[in-house]
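Hello,

Here is the structure you are taking over. My notes on it follow below.

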Amino acid sequence: MVKPSLAVATSPAAAAPGGLAVSLQGVNKSFGMGNTYLPVLKDINLDVRRGELMLLVGPSGCGKTTLLSVMAGILDVDNGVVDVFGARVDKLSQSKKTRFRQANIGFIFQQFNLIPTLTATENVAVPLIIAGQPYRAALERARHYLSLVGLGERLEHFPPQLSGGQQQRVAIARALVAEPRLVVCDEPTAALDSSTGQLVMEMFRNVALSAERAIVVVTHDNRIFSYGDRIAEMLDGRIVDIHDNPDRVK
Amino acid sequence: MWRIGLKMLMGDRAKYLTLVGGVSVVVFLFIQQGSVFCGLIGRTAKPVEAIGAPIWVVDRNLQVVDEFKGLLDTDLLRVRSVEGVKWAVPLFIRQAQVRLPSGKFQAVRLVGIDGATLVGRPPRLLEGRIEDLNAPDAVIVGRAEMERLGSPQIGDTFEINDRRARVVGIADVPRDFLSNPYLYTTFERAVQYVPRERKLMNYILAAPKEGYAAQQVIADIERVTGLAAYDEDGMRWLTMNYYLRNTGIPVNIGISVALVFLVGMAIIGQTFYAFALQNEKYFGALKAMGAGSLTLVGMIMLQSVIIGLIGYGIGVGGGALIGYLGGQGKGKLAFYTPYQLLVISFIATMLICVLSSLLSIQRVLRLEPAVVFRG
Ligand SMILES: Nc1ncnc2c1ncn2[C@@H]1O[C@H](COP(=O)(O)OP(=O)(O)O)[C@@H](O)[C@H]1O
Ligand SMILES: [Mg+2]
C-alpha cells in the first residue's frame, strides 16, 4: 500500500532495498533575524534505516524537535542535504513539500492535537480526506485502523471523552492511516503515565513498524528507551553519539 | 474537507452559538434601525400617497408637501391648456385648527379636493360614502391619529374656524410624519375653514392624456406655465429629500446605524479571531499533515460564510418580526424595510464575516507547520 506519489530525484543510498529511510548530511539550521542569530542544528549527519525505530534523545533545548521537523519537511534548513526515501526534501517547493508530507509522513504530537469536535473515527480519517479520498471510504478505513490500536469500541467517542492514552492511540491510528513511510513522534509519552507510555510504545513496535517504514521518536523519557532499535544522542545542536540499543526489548 | 471544516465550527456549540448570535444581533439592529429610518422618511411622503395623482403641479420654490406656496386661479387654466393634459383640478392642503367639543384645539391636515371630480380623495373608505362629501358641512376623517380628534363617529360634528364640520366618513389613511389627523373636504368648503388669503389653491393635480408620456407632459407643463411639476414618485422624493437634508433624522439614525455597524464589526471580528486562535494548533496540524493553504482558506471561508448566512437569516427574521408586531393594530412604529436595505445588510454581513475571517486566514497562511511540535 505504499504509494510513492511524487516523482523525485532518487539518491543511490535511499533507493537500495533495505536502504535508508532518512539521510541527513551537513544540515545546519539557525533561528533569528538580524543581529540575534541562534544556531540550533550544527552540521548534522544522520541516517535512519528502513524498518527501524530510532530514538532521538538529549537534554531539553538541544534541538531534537527542530531536527524532527526538518526530517518531516515542516521546517526548512539553512543548508545541507535532507533526503527522505530518495526525495530531496530540502529542494522541494512549499506546495510539493506539502503534498510530500501528505503522502509520506505520519505525525504524532506530544499533545495529541486531535480535533475535539470530531469523533475518533473522523479524526483518524482526516489525512485520507486531505488526500482527497471520499468521505465514507475514509471513515471505513479509519475504523479499521482504530481497531488495530485497540479502540474498536471507541469509534464514535470524542477526544475529550477519551483518556490520554486512548487519545494517543487515536493519534497513532491517524498517523498510520495514510500508510506513510516515515512516522515522526515528538515526546509521544510525555503527557502519559509510565504504563500507558509503555503501551503506546509497544503499539509503535507492533502496529506501526514494518520493513518499509521507519519511525523516529524524540524523547527524554528514559522509561521508554528500551523500545528503540538505535539511539541517537544530541547535545547542543549536534549528534554526539549513535548506537544500537543494547537493552532493546524483543 | 468541507465537512471537517463545518464540524470544527459547529462541534463547539457554545462558540458556534456565540458567533451566530453575534452576527444575528448585529444584523437585527442594523435592519431594525435601517427600517425605522426608512419608515420615518417614508412617512414624510405619505400625504402624497394618500392623495394620489399622476401629476402634481406646484410652485417652483416648493420644497416639501407640508409647505404652503399658493398658486393663482390662472395657473389652473394654463395647466389645462397644455397639450397632453387630460384633466387638471385644484387641491388645497393646509394646516387647520379643529375646535373639539371639549374646547381644546387640535391641528389637522386639511385636504380640500375638487368637489366635482373628487380627484385626490382618500384611497379607501372604511365607513361612509365618498359622495356624501358634497353634502353641507361634510368632512371625512382619516383613521390614523383619529383618536386625537376624540375618535369621532359618522354624524359627529366639530368646529373649524368657527364653521361647522360634520363627519360623513372614515378613510383608511396611512400615518404620516407629522402625526396630525387628516380631514378631507371639498375645495370650496376647505377655503372657508381657513383664514382668507389671496391665493387659496396650492396644488394642481393633473393627468396625461392617453398616448402622452407622463414625463413629456410634465416637461410641457413646466415650460408653458413656469411652475414645477412632478409625477407621484417625484413628489414623494421632493418631500423625502427635504426631510433628509433639513432634519436631524438622517444624522441621528445614521449615527446609530454606523455605531451598530462598527461595534458589530468589532464584536464579530473579535469572536472570529478568538475562534481562529483556538483552532490554530489544529490548523497547524492539518497543515503539517499535508493540507494545502487553499484548502485551509476554503475551510475558514466556508465557516465564516455559514455563520454569516445563518446569522443574517435570524437577524432579518427578528427584525421583520419586530416590524410586524410594532406595526400591528394601533402600533405607531415607523418601519419600512426596502429590499435595498436587505441587500446592503446582506453584503455588509458577508463582508464583516469574510473580512474578520481574513484576519485568521492570514494567520493560518503564515503559520509554520513546525509550530505543531511546540507546546
Ligand atoms: N521558531 C523558533 N524561533 C526561535 N528559536 C527557536 C525556534 N524553535 C526552536 N528554537 C530554539 O531552538 C532551540 C532548540 O529547540 P528544540 O528543537 O525545541 O529543542 P528540544 O526539542 O530538544 O527541546 C531552543 O533553544 C529553542 O529556543
Ligand atoms: Mg522538543
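A:R230 and A:E52 are both buried (under 20% relative accessible area; exposed is over 50% and partly exposed in between, with a 1.4 Å probe and protein chains only). The two residues form a salt bridge, with the closest N and O atoms 2.8 Å apart (a side-chain nitrogen of Lys or Arg within 4 Å of a carboxyl oxygen of Asp or Glu). A:R230 lies in strand β9 and A:E52 in the loop between β2 and β3 of chain A, so the pair ties together parts that are 178 residues apart in sequence (strands are DSSP runs of E, at least two residues, and helices runs of H or I, at least four, numbered from the N terminus).

This is a predicted model: local features need pLDDT of at least 70 and side-chain atom pairs pLDDT 80 or more, while totals for chains, interfaces and linings use all residues. Residues are numbered from 1 along each chain as written, chains are lettered from A and ligands numbered from 1 in written order, and side-chain values use heavy atoms, without hydrogens and water.

In chain B, B:E145 and B:R148 meet in a salt bridge at 3.1 Å, N to O. B:E145 is buried at 2% relative accessible area, whereas B:R148 is partly exposed at 35%. Shared partners also join B:K46, B:E49, B:D233 and B:R236 into one network of salt bridges. Over all chains, the whole structure has 28 salt bridges.

Regards
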